[in-house]
Amino acid sequence: MTLWRRQILAIMRIDLAKTFLSRRGLWIYFLALAPVVPMMGHWMFGNKGDHQLGEDVQIFAGIFQFYYLRIAIFFGCVGIFMNLFRGEMLDKSLHYYLLAPVRREVLLAGKFLSGLTAAIVIFCSSVVIQWISLFAHFPPELMRSFIFAGPGMSQLLSYIAAAALACIGYGSVFLWAGVRYRNPLIPAAIILVWEGINGILPALLKKLSIIYWLKSLCPVSLPSPGGNGILNLLVVDIDPAPAAIATINLLLLAAFVLTWAAMRTRKIEISYGAE
Amino acid sequence: MNEILFDNVSKFYGEVLGVNKIQLSIPPGVTSLVGPNGSGKTTLMNLIAGLLRPTQGRVVVCGLQPSDPEKFFRTVGYATQYDGFPRGLTGLQFVECYLRLFGFSPADTTHMAWEAIDRVGLRDAAPRKIAGYSKGMRQRIKLAQAIAHRPTVLVLDEPLNGLDPLARAETIALFRELGKEGSHVLISSHILHEVDLISDQVVMMSQGYVVAEGQIRGVRDEILDQPMQILIRCDKPGYLAARLFQQEEVVEARIHADGGGLLVRTRRAESFYKLVNHIALNGVQIESIAPADDDAQSVYEYLIGSGESTK
């Protein structure tokens, strides 16, 4: 195995333990698993005679788009990826990496991959748990036909893919912010606002966001609330991109941001006193 | 090729001076970096290790630069003064996990980690979490991490801080051993009598500038505005003082506090020694003659002043 691969694996080994087992990261598990509670409540305590599969598909789509992508994964990635460099600066332990025979680009790649692995494991497995929690109470025959003969399986895979791509997109941006800014929460707040107002932006500016491409990957469109309200603008995507284009653009965006971050890591200096 | 070279190096933090116009060549052996707070010692060490980039000039370590980390950091080991550690690791895991970045096999990694831990005398504590270590143990585990990959250039920022007397003596012995093996060992220290014990040469810094460098005795010889102080142990210090006062080489002569010798200050050491030999032939029993102010403490006071903190 080449040296840089062994180094990436070594970095992942150090950082994965920190990301998965850190007490400081418990709130990320809470964010990821929060939707499971109402979904299980819906299953366990709801009036099962009233449940319609189509309605629950819409409920899942709503929770996924409004809570999971915009809040859970967004803030989860803030917590995971910004800490990869900035957290080590605050702990005064980043210099150990910078004193090892590792190119800064390799260090960035190793850290991104460890953050990404943690984020994908947490958020994609939560998608599966949520999906099972919401749909498990339907009769087995109905579920079999929904999953294997109907759109169930492709919807589930699309949600998993969208969650994974959200981790890649937001992860790259917040890793860059952690490398670039002393206080990365300010750029995170700006990105939150930008993503939030995405629905009311002109078509060209919409595309300079992550949520636009992620919405294009969601398999179920949300029904329009009607009228001309702002909620309508957030829900209805007038100009959705094809899934393949959305995937490629998200990956290109992540590659661009990571390249920028890699260039930035070459300039990192250790002055903990100033942190 | 075998030197640490500073070529007109300056480092500014915004408008604040870190170090300025450093022109320095440090040969192998144990070198102590001495200076008061804020004199630029840590900045100089961070520049050597590439944790800071010079605003101007370049630093070359045995022909290598930090811009080529894959070669550079196999040669250089640095134990910083920062007291931060990755969370949740034992001493052994801490040394091992960064050794893995060198690409060593797992077996070699474990062997090298234990070897370094043994050298700093921390075998019993190595399986315990660093969070439970004392200050001295944290210092030693940092030292183990810095030497684990067997670097030939070792940079140590205040490595003796927090060590008990026994650990201090063992660590100083380790530095001397590494120096004898032909390594560069660059140490910053504010305990000046230890500098004499440790160092082959010193670099003295003040306010971002190098004010003196070289072997301590050589540095002392160049301080011409301070007469050399010589302690003469003899049987008749009063008589000797009276004789010496008549000589123009002697600036000052006073009886030592214990009454068994004489402290003389002279501007011309060579001719003074000849003079003392002549006097000795005329009935004074001289036990010893030795310079009394060619140690790091005296040189430091002459160059930088005793009023400043040396940390």
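Let's start with one residue pair: in this predicted model, B:Ser32 has B:Val202 in strand 8 of chain B as its bridge partner. Strand 8, residues 201-206, and strand 3, residues 29-34, run parallel in chain B and are joined by four bridges.

Now step back with me to the sheet around them. In chain B, six strands form an open sheet in the order 5-6-7-3-8-9, and the pairing is mixed. What stands at the edges? Strand 5 (76-79) and strand 9 (209-214) of chain B do, and each has a single partner strand, so one side of each is left without a neighbour in the sheet. On average, neighbouring strands are turned by 15 degrees against each other, direction ignored.

Helix 1 of chain B, residues 41-49, lies across strands 3, 5, 6, 7 and 8 of that chain, and runs at about 150 degrees to strand 6.

Over to chain A, where we have a pair of helices to look at. Helix 4 (residues 53-90) and helix 6 (residues 104-135) of chain A have axes that come within 10 Å and cross at roughly 160 degrees. The two are therefore roughly antiparallel to each other, and their crossing is right-handed. Among the residues that meet here are A:Phe60 and A:Ile80 from helix 4 and A:Ala118 and A:Trp131 from helix 6. By class, this contact has 15 nonpolar, two polar and two charged residues.

Finally, how do the chains meet? The contact takes 20 residues from chain A and 23 residues from chain B. On the chain A side, helix 1 of chain A gives the largest share, six residues. That side has eleven nonpolar, three polar and six charged residues. Thanks, everyone!

How values were computed. Residues are numbered from 1 along each chain as its sequence is written. Chains are lettered from A and ligands numbered from 1 in the order in which they are written. This is a predicted model: local features need pLDDT of at least 70, side-chain atom pairs count only at pLDDT 80 or more; totals for chains, interfaces and linings use all residues. Two residues are in contact if their C-beta atoms, placed from the backbone, lie within 7 Å. Ala, Val, Leu, Ile, Met, Phe, Trp, Tyr, Cys and Pro count as nonpolar, Asp, Glu, Lys and Arg as charged, and the others, Gly among them, as polar. Axes are lines fitted to C-alpha atoms, for helices over the stretch in contact, and angles run from 0 to 180 degrees between N-to-C directions. Angles under 35 degrees count as roughly parallel, over 145 as roughly antiparallel, 65 to 115 as roughly perpendicular and the rest as oblique. A crossing is left-handed if the near helix is turned anticlockwise from the far one by less than a right angle, and right-handed if clockwise. Two strands pair if DSSP finds at least two bridges between them.
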